[in-house]
Amino acid sequence: MVKPVSSDLLIAGGGLAGIVTALEALRAGKSVAIVDRDSPPERFGGLALWAFGGMMLIDTPLQRRMRIADSPELALNDWLRFGELDPNDEWPMQWARYYVEHSRTEVHDWLANEGIKFMPAVNWVERGRFGDGNSVPPRYHITWGGTSRELVRCMVNALHEASTGGRLAIHHRHRITALDHQAGEVCGAVAINEETGEEVRFEAANVVLAMGGINGSHAECRANWPRHRPQPATMLNGAHPFADGKLHHWAKDHLAHASLTPAKCGTMPRAFPPTPPIRISRATACLRYRVNPHSG
Ligand SMILES: Cc1cc2nc3c(=O)[nH]c(=O)nc-3n(C[C@H](O)[C@H](O)[C@H](O)COP(=O)(O)OP(=O)(O)OC[C@H]3O[C@@H](n4cnc5c(N)ncnc54)[C@H](O)[C@@H]3O)c2cc1C
């Protein structure tokens with residue numbers, strides 16, 4: 001049997017979520033394997049290669065300079081109302097709350113530290129003064145100097161800089177089809193090399209699922225369409241075609257009765273959100289987890 005590829009951390013998906021997770025792990029001294037279906041090098045970075053590069057950031061120095069009074073509370077209210085979040089939907093609620101409270105430190109300040117600049121005018125995107133949208137303050141911070149393609153370029157450069165001593169292995173054109181678990185802990189994955197058809201096994205103490213959302217699949221879009229809205233006959237899909245929800249379903253079907261515990265990786269920040277059961281959410285999520293063997 002071919003020896004599995006071994007690392008401290010295995011990441012399914014080489015979009016921005018996977019790349020940034022890998023970067024933090026490498027800086028914490030860990031070895032990392034990224035497995036991504038797409039083709040190198042021009043499509044390493046996922047959907048962000050096609051995105052605009054604006055971010056909802058709350059109570060930033062740029063807003064203050066423009067005398068925009070914003071707060072996590074205002075932003076959360078807008079998010080819940082405009083995002084039509086169901087207050088009983090635990091994960092999206094936790095994520096929304098966490099994001100509004102930490103977007104300045106963990107996104108704005110983190111990116112500024114990486115040398116990313118924002119346009120010196122904060123914008124409206126979803127203005128909601130007279131309808132749906134942000135209630136009052138403009139929050140849309142646009143990356144300065146090249147949309148999110150430039151953001152991806154900076155992050156990929158940082159990734160390669162951080163990968164000293166051969167601690168980073170990127171497996172392009174590989175698709176993860178299943179996760180391995182032993183004694184209640186996820187400990188690796190099985191992938192197919194889509195170029196050769198060969199099966200490749202990965203083993204790692206920590207596994208991160210960062211394979212995008214589910215909306216690259218028309219069928220998933222229709223299956224998860226809000227019940228109170230009519231479905232269009234034709235749909236234009238701008239999501240990543242490989243973000244098809246298959247691995248989400250695999251995790252739901254095979255790990256459904258397990259609860260998740262935050263996994264620590266050296267000095268990496270703690271995982272978020274803590275200990276929810278696995279379920280498929282419409283929101284794109286980056287899950288870092290182990291199966292808790294003591295849960296039923
Ligand atoms: C036109 C456009 C404009 C946008 N503008 C903005 C904007 O201004 N601001 C903003 O915040 N967002 C914007 N977005 C959305 C943003 O680009 C995405 O939310 C973000 O890039 C998602 O990153 P991700 O890493 O979570 O997932 P993705 O980028 O979707 O990456 C997922 C990766 O996982 C891989 N993958 C999937 N399944 C598997 C598997 N089984 N095995 C191995 N690999 C797998 C895929 O190949 C892919 O590379 C925009 C999107 C578009 C299309």
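This is a predicted model: local features need pLDDT of at least 70, side-chain atom pairs count only at pLDDT 80 or more; totals for chains, interfaces and linings use all residues.
## Overall picture

The protein has 296 residues, and 33% of them are buried. Its secondary structure comes to seven helices and 10 strands.

## Around the ligand

The ligand is surrounded by 31 residues, and the closest are G13, G15, G46, A51 and G212. Sorted by class, that shell holds 16 nonpolar, 11 polar and four charged residues.

Helix α1 gives the largest share, with three residues.

As a general point, nonpolar side chains tend to be buried together in soluble globular proteins. In this model, the largest nonpolar core runs to 40 residues, and L10, I11, A12, A22, V32 and A189 have the most contacts inside it. Helix α1 turns up again here, supplying seven residues, the largest share of this core.

A189 is a handy place to look at the packing. Leaving aside residues up to four places away in sequence, A189 touches L10, A12, I176, A178, L179, D180, F202 and V207. There's also a second, separate core of five residues, with L57, I58, W79 and V100 among them.

## Helices α3 and α4

A packed helix pair is described by the angle between the two axes and the distance between them. For α3 (residues 72-82) and α4 (residues 90-113), the angle is about 145° and the axes are 9 Å apart. The crossing of α3 past α4 is right-handed.

On the α3 side, the contact is made by P72, A75, L76, W79 and L80, while α4 brings A96, R97, V100 and E101. By class, that contact has seven nonpolar and two charged residues, and no polar ones.

## A closer look at I214

I214 sits in the loop between β8 (199-209) and α6 (218-223). Is I214 buried or exposed? I214 counts as buried because it has 24 C-beta neighbours inside 10 Å, and the cut-off for buried is 20 or more.

Technical notes
Residues are numbered from 1 along each chain as its sequence is written. A residue is near a molecule or strand if its C-beta atom, placed from the backbone, lies within 6 Å of it. Helices (H or I, at least four residues) and strands (E, at least two) are DSSP runs, numbered from the N terminus. Ala, Val, Leu, Ile, Met, Phe, Trp, Tyr, Cys and Pro count as nonpolar, Asp, Glu, Lys and Arg as charged, and the others, Gly among them, as polar. A nonpolar core is a set of buried Ala, Val, Leu, Ile, Met, Phe, Trp, Tyr and Cys residues joined through C-beta atoms within 7 Å. A residue is buried if 20 or more other C-beta atoms lie within 10 Å of its own, exposed if 12 or fewer, and partly exposed in between; C-beta atoms are placed from the backbone. Two residues are in contact if their C-beta atoms, placed from the backbone, lie within 7 Å. Axes are lines fitted to C-alpha atoms, for helices over the stretch in contact, and angles run from 0 to 180 degrees between N-to-C directions. A crossing is left-handed if the near helix is turned anticlockwise from the far one by less than a right angle, and right-handed if clockwise.
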